[in-house]
Amino acid sequence: MGSMRMNQAIATALAEEMRENSSVIVMGEDVADAGGPFKTSEGLLKEFGPKRVRDTPISEMGFTGAAVGAAALGLRPVVEIMFVEFLGVALDAVVTEAAKFRYLSQGQVSCPMVVRASIGSGLGFGCQHSQTLENWVAATPGLKVACPSDPQSAYGLLKAAIRDPDPVIFLEPRALYASRGEVVTGPDGLLELGRARIAREGTKATVVTLGRTTSLTRAAAQQANLDIEIIDLLSLVPWDVKTVCASVKRTGRLVVIEEAPHSGGWGSEIISTITAQAFASLDAAPFRITAPDVPVPYQRDLEALYLPSESEIVRQLESYLVTGVVPQPWWTQEGIAR
Amino acid sequence: MTAETDPVQLLTPEGQRVAHPDYDIDLSPGEMRDLYRRMVMLRRLDVEATALQRQGELGIWASCLGQEAAQVGSAAALRPSDFAFPTYRDHGVALTRGVQPLQILELYRGLTNGGWDPLEKRCGLYTIVIGNQVLHGVGYAMGQSLDGTDDATITYFGDGATAQGDVNEGFVFASVFTAPVVFFCQNNQWAISQPRERQSAVPIHQRATGFGFPGAFVDGNDVLAVMAVTRAALERARSGNGATLIEAYTYRMGAHTTSDDPTRYRMGDEVERWRLRDPIERLKVYLAREGIADRTYFDTIDREADDMAVTLREGVRRLPVPEAVSIFDHVYAEEHSLLHAQRAEFEEYHAGFVDQGVR
């Protein structure tokens with residue numbers, strides 16, 4: 001147990017898994033000599049050497065595709081996509097190949113690889129380096145998708161992802177790399193893919209979060225003393241239907257908070273499933289707090305406006321808890337717009 | 001590994017004019033002074049922008065320190081009607097195409113996503129994602145030949161980008177369709193922390209042969225040689241003979257960006273060695289020795305650079321912050337109904353705060 005930043009928690013998890021299992025290797029751009037653009041692989045080159053910690057030429061397609069082949073033959077590659085946007089040129093290797101190897105080979109060949117990528121807004125990187133893009137991969141059978149929300153979950157989930165027999169897409173909110181927290185290491189710190197955690201207990205509404213929206217929502221609940229149950233999803237594929245459903249049956253209300261455009265978001269999947277399974281328990285319409293359907297703004301103030309903010313979460317949840325009526329999204333406000 | 005040949009050089013690091021069997025350039029004194037002036041102004045922009053970033057006035061800056069000759073020399077070889085596709089480091093290309101220095105700073109201050117009209121300047125917006133613009137350039141060049149003009153395209157990229165599929169696929173298309181394009185690679189030796197040896201096992205310009213067009217190797221710190229080699233490649237493109245890959249051998253004197261610390265991965269004496277090959281100094285020595293420019297001229301240019309620096313420092317703080325509602329602009333030619341509703345809701349919401357002085 002010790003306090004560390006999320007990037008250190010990631011480096012620690014990588015180092016431990018590499019010590020434990022000699023088939024774990026790391027590849028990516030600037031991951032070896034420079035210790036990772038976000039310092040998530042600091043110290044690995046020194047301890048494990050250049051055969052297992054490999055700086056690659058700038059070709060996401062190249063190293064992700066190579067990881068598919070390496071994984072199929074028994075290695076456990078962890079590749080790093082510096083910004084999730086760069087996964088675009090490697091999607092073929094991930095979606096069409098890695099996700100289908102087991103299926104195509106009738107279960108004979110697996111592809112136990114991890115694709116780590118930094119995601120999200122909040123650092124002023126502009127519309128091509130600020131997206132979350134979890135929906136690109138969440139709709140592909142064969143892939144698992146996980147997204148930590150703090151140092152502990154980054155540590156525990158990444159270890160689980162590396163040990164998993166199938167390809168896992170591991171999405172790391174960039175704005176959280178420098179965030180600090182206590183991390184339980186060793187077996188007690190391990191988390192299970194597909195298992196959500198209750199980040200705050202409460203009785204009046206179930207609020208489902210993922211990645212960066214977890215800490216924002218927790219801060220909002222604390223600040224306004226909201227009696228809400230926050231469920232930090234942690235895994236998007238598979239997601240923990242049981243935990244969310246049980247919570248909604250207790251609270252009677254469901255809200256999903258996403259750092260992504262409104263249309264086509266994964267929150268709709270959560271709401272659709274829970275509505276079907278727990279319709280009778282709901283005493284108000286479920287809804288989502290999201291960004292609008294526009295690219296992530298570049299200018300600092302506009303970017304802050306874009307992301308569901310702590311104050312915006314407070315505003316919407318307070319209104320919902322009192323009235324049971326779905327509040328207008330941040331770009332409008334009840335009583336003014338309509 | 002194949003042996004490196006010597007790069008084309010018309011001006012030695014000591015400022016001596018030398019002859020080359022395949023390339024030459026005949027510039028008027030005015031044209032030569034103009035190249036000097038452009039490089040000095042570019043360096044001043046770079047130095048000021050780095051300082052402004054350190055003072056918190058810019059979000060980030062990608063320095064082109066040391067690459068002035070490669071950028072200015074190649075862009076100066078273009079005609080106004082040609083088209084350039086730059087990367088985020090090619091400030092010398094943007095300036096030479098007529099982009100205003102403040103427009104570049106506006107981009108790095110996070111106030112605009114673009115900064116200039118690409119069609120007016122015949123200069124694409126900075127492409128941030130490595131190598132994408134090479135394919136765009138090839139497509140544009142294919143359009144130029146369909147239009148039946150004798151215009152050509154130049155597309156810029158770095159040594160690191162040569163590993164990307166985009167770049168290699170761009171080479172294939174240019175070759176198969178005989179596109180009038182010049183691939184201008186500034187080999188500045190470092191792809192963030194990766195030295196050139198770990199990006200390409202053969203010298204970059206030699207890779208052209210396998211794709212079916214010539215590769216040229218030029219001293220990227222020699223503005224005269226860069227301009228001569230680029231002119232020849234553009235001429236080849238205009239006359240229907242297709243693509244050329246130019247490898248301009250240069251050095252990234254600064255960090256990858258202001259977010260990077262190069263002392264983590266490279267030695268200081270390497271930087272010092274390259275300082276002796278400075279592109280501006282070598283032209284200055286030549287101009288002075290040949291009597292093409294004198295002290296008075298150099299002083300005038302320095303003062304002009306000083307004035308620009310003042311204007312930039314004042315101007316950058318006065319740049320307007322975009323209105324909040326602008327986040328809904330330019331997502332589509334015509335907003336679809338869902339987005340239109342989101343904008344309308346926001347505008348009404350926003351109107352509710354006008355009395356409170358919220359932007």
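Start with chain A and colour its two domains separately: domain 1 covers 2-189 and domain 2 covers 197-333. Taken over C-alpha atoms, the centres of domain 1 of chain A and domain 2 of chain A are 27 Å apart. Keep in mind throughout that this is a predicted model.

**Stop 1: between the domains of chain A**

The size of an interface is often given as the accessible area lost when the parts come together. Between domain 1 of chain A and domain 2 of chain A, the buried area is about 1900 Å², with 56% of it given by carbon and sulfur atoms.

How many salt bridges does the rule find between domain 1 of chain A and domain 2 of chain A? There is one salt bridge across that interface. Select A:Arg197 and A:Asp150, whose side chains meet in a salt bridge with an N to O distance of 2.8 Å. Polar contacts between domain 1 of chain A and domain 2 of chain A amount to 13 residue pairs, counting pairs with both residues at pLDDT 80 or more.

**Stop 2: cavities**

Over the whole structure, a search finds three cavities of 30 Å³ or more. The largest cavity has a volume of about 50 Å³. To find the largest cavity, select its lining: A:Ile119, A:Thr132, A:Glu134, A:Cys147, A:Leu210, A:Gly211, A:Arg212, A:Glu259 and A:Trp266.

Then move to the second largest cavity, with a volume of about 40 Å³. Its lining is made by A:Phe38, A:Thr40, A:Glu80, A:Ile81, A:Met82, A:Arg116, A:Ala117, A:Ser118, A:Glu172 and A:Tyr177.

**Stop 3**

Show both chains together and select the residues at the contact, 40 from chain B and 39 from chain A. About 3200 Å² is buried between chain B and chain A, and carbon and sulfur atoms give 61% of that area. Which residues of chain B lose the most area to chain A? Pick B:Ile327, B:Glu345 and B:Tyr349, which together give 19% of what the chain B side buries.

Across the interface of chain B and chain A there are two salt bridges. For a salt bridge with one partner in each chain, select A:Asp33 and B:Arg198, where the N to O distance is 2.9 Å. The interface of chain B and chain A also has nine residue pairs in polar contact, both residues of each pair being at pLDDT 80 or more.

**Stop 3: the second largest pocket**

End at the second largest pocket, which holds about 510 Å³ of space. To centre the view, select B:Thr112, B:Asn113, B:Ser326, B:Asp329 and B:His330, which lie nearest the centre of this pocket among its 20 lining residues. The lining of the second largest pocket comprises 11 nonpolar, seven polar and two charged residues.

Technical notes. Residues numbered from 1 in each chain as written. Chains lettered and ligands numbered in written order. Predicted model: local features only at pLDDT ≥ 70, side-chain atom pairs only at ≥ 80, totals over all residues. Heavy atoms only, no water. 1 Å grid on protein atoms, 1.4 Å probe; cavity = no way out; pocket = protein on both sides within 12 Å on 5 of 7 lines; lining within 4 Å. Points joined across faces, edges and corners; volume = space filled by probe spheres on them. Nonpolar A, V, L, I, M, F, W, Y, C, P; charged D, E, K, R; others polar. Domains from an automatic or database assignment. Buried area = accessible area lost by both parts, 1.4 Å probe. Salt bridge = Lys/Arg side-chain N within 4 Å of Asp/Glu carboxyl O. Polar contact = N/O pair within 3.5 Å; in protein donor to acceptor, adjacent residues only side chain to side chain. Contact = heavy atoms within 4.5 Å.
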